[in-house]
Amino acid sequence: MESLSLLMEGFSQALTPMNLLWVFVGAFLGTAVGVLPGLGSSMAVALLLPVTFSLDPVGAFIMFAGVYFGGLFGDSTMGILMNTPGGATAIATTFEGHRMAKLGRAPQALATSAIGAFIGGLIATTLVVFFAPKLADIAVMFGPAEYFALAVFAFIATASVVSDSVVKGLSALVIGLALAVVGIDGISGASRFTADMPQLFDGISIIVITVGVLALGEVLHVASRIHRDPKLSAIAVSGRPYLSKREFREALPAWLRGTAFGVPFGVIPVGGAEVPTFMAYGTERQLDRKRRDPQFGNGAIRGVAAPEAAGNATSGTAMGALLALGLPTSATAAIMLAAFQQYGLQPGPLLFERNADLVWALLASLFVGLVMLLVLNLPFAPLWAKLLLIPKPYLYAGITVFCGLGVYATSAAISDLLIVLGIGVLGFVLRRYGFPLAPIMIGVVLGPLAETSLRNAMMSSGGEVSVLVHSPVTWTLYGILALVLVYTVWRRIISRTRADV
Amino acid sequence: MSVDAHGSPDTGELARTPEQPLEGRHGFWTGRSGLVVAGILAAIGTYLVVGIVTMDVPAGAKVPGPTFFPILIAIAVFVLAALLAVQTLRKPEPVPPTEGNPRFHTDWKSLGLVFASFLAFALLLVPVGWLISAALLFWGVSRALGSRRPLFDVGLALVFSSCIQLAFGAGLGLNLPAGILEGIYG
């Protein structure tokens, strides 16, 4: 019950007018970027990161919490109305969601997805409140070898599970790792890969990399296709989103099942909520086939409810993994980790001791943010849909200017603007050939952790490699990794044999 | 996923990367432009190797030293570059069934305009100042993405960059360069 009293303290901090304002700003921006095509919460956090330096850490993280969940509330709106998912996590929602919209049930689809996101996030955040401190207690026992195992776990799982090709995922990962080794080596003081340019001595800033890969790369990608892709049109929403009692009862079990799928995936680093949303969707479809009047294919409410709940549940527990282990399990979490590091905070077990007030204020503001997002999204969904009317040229022009602003604001260096352009081109090429981008971020953020823990472990053992697998914790981690890989291979084989379905 | 159809000359809009020679209707490069990525990886690997060889390792650096981790990465980079190249050669991207449909090409004109706008922004920011260079960037990108009203866009771009100057420069205290407008405001 200690968690509860700490959480109450967190609430007292989160409910000050100023912090409520930051949650609102975050939730508002998060929903906006979620609704807008091609933007996700990771990009929003990346662009906001530089401009929040003048805020205190609590205010900044409370705002990020709003953005974090908001992106997931918003991205299904576009999927449902335009049949184009706003982000990878909304793909599964789009199938049945757009069918519902075409049959004139857009308000119901929007309501189902908003409530689903709320339920998933709420349950996951509650679990985090009670279990994150325990997770942190376990993580205190982690030494360099264990942290290296954790990093390897995140690398391999992200690179292999998310993308359609393991080679592509790993390629993206090593690009991230290569970007991360530029700069002065922290252990020996050697200058690495800087070509003797002083601008590179501190390494390539994570903000430059994120803005380049996620934001500028996306703008370039859109530019390369905008005259080629067919114009999309949105289905108009009439009336307020609502659910009748019967529809609510119909969706409820799907929301809960979706949450159950999403919760464990927040802790397993497979690069985001894509996998659980599809698993939740698949399960609902299986269950639906056994019913007397199958709904799937005709706009099944459960096909919207389950993936949405799964997506937000994953984000909720991902926050727990980030805070307690310092382990980012998605691109957005990776950027949040970078944000912590910018403020001189290191997420992980010690964060709960050293910065307890910040952690609990952040957790409390997750709850506040969820409630606020439900209020913002449920009655006002038709208004958000109006965002889809912004002409694309101006939208992306604005984003590009913000890329420039964000990068220049961090360092006031022209060299960074040139680097971001180069990385943006790299991001465009990778997008063009279907490479996943999350492994790059995971590689950049966890690369230094992997390197220092690997070298520290081997220094302490005198170069003995067996030190990396000497403890039960490392056995467990490598064991789970092996299971994840086996599961991935199995899933691939299954999907290949069923490819014609 | 984006699919490429490099070998359909009847569209008149051939999108080719410079290293792609013009070949027949379904030449060797059709669907194999993905080799670019393998090339990029190999270039990264080469840069790493050069950096590792020429690195000044401080005397007395403990083993494993600063080159240890980069060596691992460099090996992985080359292995993956080779695997990618083999994969792309064996399985080229499928040619879309709608032959002659131009929308599968990369639009190099729009792409180049966005790139040039950002480059100009980076180079002009300090000498010319935020207001004008950011407005130029906004104008260039919106033009590249198909905006049809150049004059209206000039106004919109200036309003946009001024709003940011006000909100972030005056409001949040970011130091944005004034450039040639130095002294007129701020």
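## A walk through chains A and B

Start by selecting A:Ala101, which sits in helix α5 (residues 91-102) of chain A; helices here are DSSP runs of H or I with at least four residues, strands are E runs of at least two, and both are numbered from the N terminus. Before you click further, note that this is a predicted model, where local features need pLDDT of at least 70, side-chain atom pairs count only at pLDDT 80 or more, and totals for chains, interfaces and linings use all residues. Residues are numbered from 1 along each chain as its sequence is written, chains are lettered from A and ligands numbered from 1 in the order in which they are written, and side-chain values use heavy atoms, with hydrogens and water left out.

**Stop 1: around A:Ala101**

Is A:Ala101 buried or exposed? A:Ala101 counts as buried, because its relative accessibility is 3% (buried means under 20% relative accessible area, exposed over 50%, partly exposed in between, using a 1.4 Å probe and protein chains only). Now show what touches A:Ala101: leaving out residues up to four places away in sequence, you'll find A:Ile80, A:Ala106 and A:Ile235 (contact means heavy atoms within 4.5 Å).

**Stop 2: A:Gln108**

Next, pick A:Gln108 in helix α6 (residues 106-139) of chain A. A:Gln108 has a relative accessible area of 8%, so this residue is buried too. Setting aside neighbours within four places in sequence, A:Gln108 is in contact with A:Met100, A:Tyr242, A:Leu243 and A:Glu247.

**Stop 3: A:Ser365**

Jump along to helix α15 (residues 356-377) of chain A and select A:Ser365. Which residues is A:Ser365 in contact with, leaving aside its neighbours within four places in sequence? Look for A:Ala14, A:Val23, A:Ile62 and A:Ala65.

**Stop 4: where the chains meet**

Colour the two chains separately and select the contact residues: 69 from chain A and 76 from chain B. Together the chains bury about 6000 Å², with 78% of that on carbon and sulfur atoms (buried area is the accessible area, with a 1.4 Å probe, that two parts lose on being put together, summed over both). Between chain A and chain B, the count is 7 residue pairs in polar contact, both residues at pLDDT 80 or more. (A polar contact is a pair of N or O atoms within 3.5 Å; within protein, one must be able to donate a hydrogen and the other to accept it, and residues adjacent in sequence count only if both atoms are side-chain atoms.)

On the side of chain A that touches chain B, at least two residues each come from α8 (166-180), β2 (191-192), α9 (206-225), α17 (392-411), α18 (414-432) and α19 (438-461). Highlight α17(A), which gives the largest share, 14 residues.

**Stop 5: chain B**

Chain B has 5 helices and 0 strands, and 42% of its 186 residues count as buried. Among chain B contacts between residues at least 6 apart in sequence, 64% join residues at least 24 apart.

Finish with two stretches to compare by eye. Residues 67-90 of chain B are 96% helix and 0% strand, with end C-alpha atoms 35 Å apart. Residues 110-139 of chain B are 97% helix and 0% strand, and their end C-alpha atoms lie 13 Å apart.
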